[in-house]
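Q: Please take a close look at one part of this structure, the aromatic rings and what surrounds them.

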Amino acid sequence: MLDFRIHTFLTLYKEMNYRRTAEILNMTQPGVTQHIHYLENHYGVKLFEYNGRMLSRSKNAEILKRHIDSMAAEERAMRGEF
């Protein structure tokens, strides 16, 4: 089971907007920020960066996304075996 903060990461990864991510997940914008900061602190890397007013993904966000996709596929396969 993927951590609930991973779902926040995936939504922000797709939307690239903290406000829209908060609306989609029915949470506050500071809540989204807290989830992302938790993941950044947990993994010790920066996931998103602002370049002026433009939000961009870091190389580490791309790496995390790739591994999350792999874990999600493994979880689906496991559920299929049950």
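A: **The aromatic cluster**

Ring pairs join Phe9, Tyr13 and Phe48 into a cluster. The model is predicted: local features need pLDDT of at least 70, side-chain atom pairs count only at pLDDT 80 or more, and totals for chains, interfaces and linings use all residues. Residues are numbered from 1 along each chain as its sequence is written, and side-chain values use heavy atoms, with hydrogens and water left out.

Three aromatic pairs are found in a search of the whole structure. In one of them, the ring centres of Phe9 and Tyr13 are 5.8 Å apart and the planes stand at 45°, so this pair is tilted. Rings of Phe, Tyr and Trp (its six-membered ring) pair if their centres lie within 6.5 Å; planes under 30 degrees apart count as stacked, over 60 as edge-to-face and the rest as tilted.

Helix α1 (residues 4–15) holds both Phe9 and Tyr13, which are four residues apart, about one turn of the helix. Helices (H or I, at least four residues) and strands (E, at least two) are DSSP runs, numbered from the N terminus. Phe9 has 0% relative accessibility and therefore counts as buried; Tyr13 is buried as well, at 12% relative accessible area. Buried means under 20% relative accessible area (1.4 Å probe, protein chains only).

Phe9 also forms a tilted aromatic pair with Phe48, at 5.7 Å centre to centre and 50° between the planes. This pair links distant parts of the chain, since Phe9 belongs to helix α1 and Phe48 to strand β1 (residues 48–51), 39 residues apart. Both Phe9 and Phe48 are buried.

Technical notes: Buried < 20%, exposed > 50% of the residue type's maximum accessible area, 1.4 Å probe, protein only.
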